[in-house]
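The exercises below concern aromatic pairs, charges over rings and nonpolar cores. Work through each task with the structure open before reading its solution.

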Amino acid sequence: MNTATERAPSCGLLAEFADHKALVAAARGAYAAGYRRLDAFSPFPVEGLSEAIGFHRDALAPVVLGGGVLGAGVGYAMQYYLSAVHYPLNVGGRPLHSWPAFVPVIYEMTILFAALAAVFGMLLLNGLPRPYHPVFNVPAFARASRDRFFLYIESSDPLFDLQDTRRFLRRQGALDVADVPA
Amino acid sequence: MNRPWIGPEHTYASVTDKISAIVLTEKAPRAWLWGFGVSLLLLSMLVAATVYLFAAGIGVWGVNVPVSWGFAIINFVWWIGIGHAGTLISAILLLLRQKWRTSINRFAEAMTLFAVVCAALFPVLHLGRPDKFYWLIPYPSTMGVWPQFRSPLIWDFFAISTYGTVSLLFWYVGLIPDLATLRDGARRPWASKVYGFLAMGWRGSARHWHRYETAYLLLAGLATALVVSVHSIVSLDFAASLLPGWHTTIFPPYFVSGAIYSGFAMVLTLAIPLRAYYGLEAFITERHLNNMANVMLATGLIVAYGYLMEHFMSWYGENAYEHAVTINRMRGPYAPAYWALLLFNVIIPQSLWWRRVRASPWALLAVSLSVNLGMWLERFVIVITSLHRDFLVSSWGMYYPTRWDWATFLGSLGLFFTAMFLFIRFLPVISVSETRELLSEPGASRS
Amino acid sequence: MPPLTIDEWPEGWPTDLSRRDFLKWSGASLALALLSACRQPLEKIIPYGQEPENLVAGKPLSFATALAQGRSACGVLVTSHMGRPTRIDGNPRHPDSLGAADIFTQAEILNLYDPDRSQVVLEAGQPSHWQTFAAAWTRVLSGLRNGEGLRILTGAVISPSLGDQLSRILKRYPGARWHQYEPVASDAPQEGSLLAFGRRLLPRYRLREAEIIVSLDSDFLGSGPGRLAYAREFASRRRPERGQPMSRLYVAEGTPSITGSMADHHLPASQLQIEAMARQIAWACGARCARLPLEEPARRWAAAAAADLKRSRGRGLLAVGEFQPPMVHALAHAVNHALGNAGSTVEYLPPPDFRPESHARSMGTLARDMGAGRVSALVTVDCNPAYAAPADLDFPGLYRRLPFRVHAGHYADETAAISHWHLPLAHPLESWGDLRASDGTVTLCQPLIAPLYEGKSASELLSALFDENPRSGYELLRARWRHRPSFERFWLESLSEGVVAGTRYSPQRVEPRRTLAERLEPVSQAGYELLLRPDPTVLDGRHANNGWLQELPKPQTTLTWDNAALISPLTARTLEVENGDLLELRFRGRLLEAPAWVLANQAERSVTLHLGYGRRAGGKTAAGLGVDAYALRQGAEPWGGSGLELAKRSGRRALAATQGHHSMEGRRHVRAATLAQFKARPDFARQTEPGPAAEESLYPRWEPGEYAWGMTVNLNSCIGCSACVIACQAENNSPVVGKQEVLRGREMHWLRVDRYVEEHPPRMLHQPVPCMHCENAPCELVCPVGATVHSQEGLNEMVYNRCVGTRYCSNNCPYKVRRFNFFQYADLKTESLKMLRNPEVSVRERGVMEKCTYCVQRISAARIAAKKEGRRIRDGEVVTACQAACPAEAIVFGDLRDAQSRLSGQKADPLNYDLLASLGTRPRTSYLARLTNPAPELAS
């Protein structure tokens, strides 16, 4: 397939659709046709689109849970160590390990770590930030953030063939199919 | 409920252009310039007051013994309260699938951020040695000493910083798709560069949207848990002390509802002029205003209940000091502040029972302003009246704010509005992607 | 923005201190400290008691000497760090101190380092030299044939050596005259004894013997030479829980005094009523004297007092205030003799001053002679007549006409301003001398430090003026006592002990004349009555430049930095004035505008005005505070009289009082009961105030350390004199903040004395409040940086360096004993003040909290001493500054773990109670409740 990419003049084909229903349909079609290396772009999250291109579950939730647990642990350990072990002081006659007083900080630390995990986990898994991507070379793609919907099939897909795939996409009802230059 | 949340005339393109226009138009409108100028003026007053404060010492304020907390803490609590609506609207309404949030969550979040910044300013300014504020952070110092984790002020420090961080993340994550929109829509190359950089190469891929929504939903959940905790912890600054009038278990819930109350009031205070000036009536519809008014009415009633319970407890409980504080609030030297607070916070908002008031934006604006004022007075009454007459009769005293107290307070308004005006000018005040999503749904018109 | 006053000598802005400056300054002060180390007096001075004489670096030494306030001398021990005197305590061996020290004596240390003190000779206000003056003086003196036309004016002279010098001078210059004028020392007591015994004598009370004490305007606990001893003796009879019978005190007075607030029966009474009561009591006790009409409740009161006195013959005492007319004193002498109290509860001693005479008359003569042009040269020594002379003499006017005017004083004051020459006097701690106590005991005074400026002591000055070959104060003093056998040993002992053995007067046996010469003035109670009194904190004005005393709340009003016309609530209602409203006082044709201050227990139609304010010169601090009451003063009626006209004027003056609210609001901060109630239920004080009892805790107790420090304050002994406050300020380098800051409620006293006024029975309650050192300290819990934490030994410690100044601790302190440096209050610039500081206590910077430490520096000193000898700290080894100064021994400090300690005994006392116990703070400082012993007759 490497040879295929080399010979290929482009990294894939970008089909433009008028609304999200058409895009979802096209995506389903493409997946049914056996295309796997494809992606869909829309100006807003579209119901069922990711499933249509065969993307079902993401790993974010467990990451966030991990973050939360870590935060709680760090919060409690820090307070216990600092006020009961490292620098024990009699404060207001309270015990060194006065855990009820530690709860608020533990709570905040849990949320902080979980939130950070959520955001950076999402960016990481999405491979962002990524300033350059071939699809940006297609002028029409600027409308992907406005009012147009796109289906993208990479040339690296084993079934990919410049002519057949273009024809296939037209059949899916694309307004236009653009070549994505490298 | 079958009426659409967005005017019928709009399409994906039109909403995008309409909202982006505010940011992407070349020239700043005259009114914006005026508002921005006034805000800058106030801000410079804050700077001056702060410089003088650092030069001369905290004594330039009216604080003393017994009233060693004054305007600084009042303003801190007031601002942090205002800072609650944003996250609340975004997060809780998102979880509750309240679609109407879409039009107001963006600048509500912005408002939150700026309010938190203003709030965070005061605890630092009010320190006797502000240059040492970082000693509240647990870092390994050469002295080998650490913060004292039993102090509510430390809890505060963690709560506020966490809240600030999470709100920022939440806001930014919400912005990413719109930044992409601006990147692609901007005509000026530098603008598209800046927005492009901030958009981090967002291209609306289905996979990305999938993870993005998960993250956003989880963030919303976390933020909701957070927003409830933050003002509870702020209220512990008072509740954890042993002063009559502070030492009460009702504070956390009633501070939180008070925060939501004042937050919504501030959102309305900002939203009504904004929609009028930029003609966003199609996005921030009367239904939005109506719903926000309802939330205000509800939370306002909870707050009123809080006041009631305080008095009931001081009468029902046997604690003579509590009782004395209640009487002092009603009849003491600061009684006017107390009665004014009841007027602004409890009496006037009752007008929201009438649909005609909720339906008229300007009446609503008036009520919101009254609530903003009322909530400030509430904090004044709580902080000052409890401190100035506590246990030992011999140490009773009075508190008189100085001109520098006022300068710092008004100055913080300047900081807030300066930030607000910059936001309006440079970022979409309404979430474009979510608006498109709304349009895409059945029932929403899309010619 | 009002001008901020930031230190003992207010001047403009508080300067923020950069680290670099700080180093610079601390360097400078170190240099100064070293300098002061070599400022030791040239002559040998002898440390107190058996201490090693050689100076161990860093170890403070204490030296015995004495200090005078007008007519009274107080023996003191001065602590000296490396030759730098830093604090003044009482000398236990001195009869007028017994180890205690009053506010004036303690505050002298601040006067010593006062940068405003006069430093050089002034000729017509311009700096000059002693030589230049000497030249001018010799010309003048030679011009006066055997001293004709030469006058010397001094205050009261209680120094034997100075007296001898004066008599030598007067012998040598027969034409010269010596006048004495002490503005606030009354002639009446001596005149009274002249009436009664035909001799000048002064009564000395023996309160340990007294069971019934009737005071007619006598503030024996608050003023007069014997007060410190009296306070202790009085307290010893106010401990019924210790078994011995409790004394009963009646006080009738025009304006409430410290003594009045200790009374079991207090009666606000006008001058006239008091005389009438005196006559009533005297008559009842068998003296044959005329009587004046007396209406209720005074009649009933006097009858009860008389009855009580008669019941306890030989164990009663009728005391009369020094401002009462001689006749009333004479009556009292008669009564005390008739009842056999003389010799038992009161004895008679010759006055301590050299050639006692009526100062009013002496001053009057001088004024008359000046007017008649019989005075060509006047030398004024340590006296400020241009300010303090009675207004009707017009002293300044007469003085200006004199050809040669010399003023020697500690300050370039009002008199200096209109003198040809002003000569700086050395501070007592800079000079040699001797002083006679009220019982005759002499103290040889030694200097602690060589004069900081060009000052000379009074005796050096006289020697310089009148001796061919002037001698030093040292030589003069030794010459005076040279006649003593084995002189050198005498000298050494006297100096190290602080008292000269065998100089005490022996009580005089006297009999009052059978019949008292009657001089019944026509009864005239027209309008209001003016009472002119010495100020409780600045006396006659001599301490007007002393920041400590200016900022010390006056015992009754808690006013600082000001005086005011004290009026009764009734007067306030009739004139419709409130505190601070301006009043116009018209007395004998003279006018004065003064702010009003409403004072409970003030006699209804009496208006009290304190002397000593309205200074026009005499230091940056002194000038321009308050109103000058001398403007209303008459030579004939130095203490006021009836016929005062009072009118409300428009306008107010802001008066800085440290306590705004004087009713206890039923909170029982001060627990009090009558003797009967106490016997009925001894634990009355333990009943907690309203609020839930909170002894139990979820948390386990902390194990106490090696020691458990604690304190008790006995409200039965405490007379509210505030000596403890000044002691604390001196020990702990507490700054002075100035009137504007006090107005804002930012005073910095670590120890304050709260006052509460009770309506029924009408009385004033005092309560000293230091840090409670709570075991469950609320302040510690809320500090975010752990700047205030608990020590093993139970001290609530404040770590200044760690404090960031959130002030949360102050909010959460239910006792509000924490003080905050809102500005840079401590003066870090004035060089002389750096020498004043106690090197054991750090000087606080701007923005940090501070509070009472239980004098932790003294605890560690004791610990070091104990460790060296491998033992525990002994009971009574640690004495806090406040405890040391207290004349009534009301404060006890010690170790709770030691069951035998005096403190443990106090804590076991049934009267012992915690302040705000219901909060569960478990304070280590506790109080012993107040008891009163009312007479059955008056119990209603």
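Rings of Phe, Tyr and Trp, the last through its six-membered ring, pair if their centres lie within 6.5 Å, with planes over 60 degrees apart counted as edge-to-face. The model examined here is a predicted one.

**Exercise 1.** Describe how C:Trp130 is arranged relative to C:Phe133, and find which charged residue lies over the face of C:Trp130.

*Solution.* Begin with the rings of C:Trp130 and C:Phe133, which form an edge-to-face pair at 6.5 Å centre to centre, with 80° between the planes. Both residues lie in helix α3 of chain C (residues 130-143), where they are three residues apart, about one turn of the helix. C:Trp130 and C:Phe133 are both buried. Finally, C:Lys456 lies over the face of C:Trp130, at 4.7 Å from the ring centre. Elsewhere in chain C, the charged end of C:Arg746 sits over the ring of C:Phe822, at 4.6 Å from its centre.

**Exercise 2.** Is C:Asn601 buried or exposed, and which residues does it touch?

*Solution.* First locate C:Asn601 in the loop of chain C between β23 (590-598) and β24 (606-610). Its relative accessibility is 13%, and since buried means under 20%, C:Asn601 counts as buried. Leaving aside residues up to four places away in sequence, C:Asn601 touches C:Pro256, C:His266, C:Pro268, C:Pro762, C:Arg763 and C:Met764.

**Exercise 3.** Identify the residues with the most contacts inside the largest nonpolar core, and follow the contacts of B:Phe238.

*Solution.* The largest nonpolar core has 291 residues, and those with the most contacts inside it are B:Trp79, B:Phe107, B:Phe238, B:Phe416 and B:Phe423. Helix α6 of chain B (residues 152-185) gives the most to this core, namely 17 residues. Beyond four places in sequence, B:Phe238 touches several residues, among them B:Trp69, B:Trp246, B:Phe251 and C:Tyr808. A second, separate core comprises 44 residues, including C:Val375, C:Ala572, C:Leu583 and C:Leu609.

Methods: Residues numbered from 1 in each chain as written. Chains lettered and ligands numbered in written order. Predicted model: local features only at pLDDT ≥ 70, side-chain atom pairs only at ≥ 80, totals over all residues. Heavy atoms only, no water. Phe/Tyr/Trp six-rings, centres within 6.5 Å; stacked < 30°, edge-to-face > 60°. Helix = DSSP H or I, 4+ residues; strand = E, 2+ residues; numbered from the N terminus. Buried < 20%, exposed > 50% of the residue type's maximum accessible area, 1.4 Å probe, protein only. Lys NZ or Arg CZ within 6 Å of the ring centre and 35° of its normal. Contact = heavy atoms within 4.5 Å. Core = buried A, V, L, I, M, F, W, Y, C linked by side-chain atoms within 4.5 Å.
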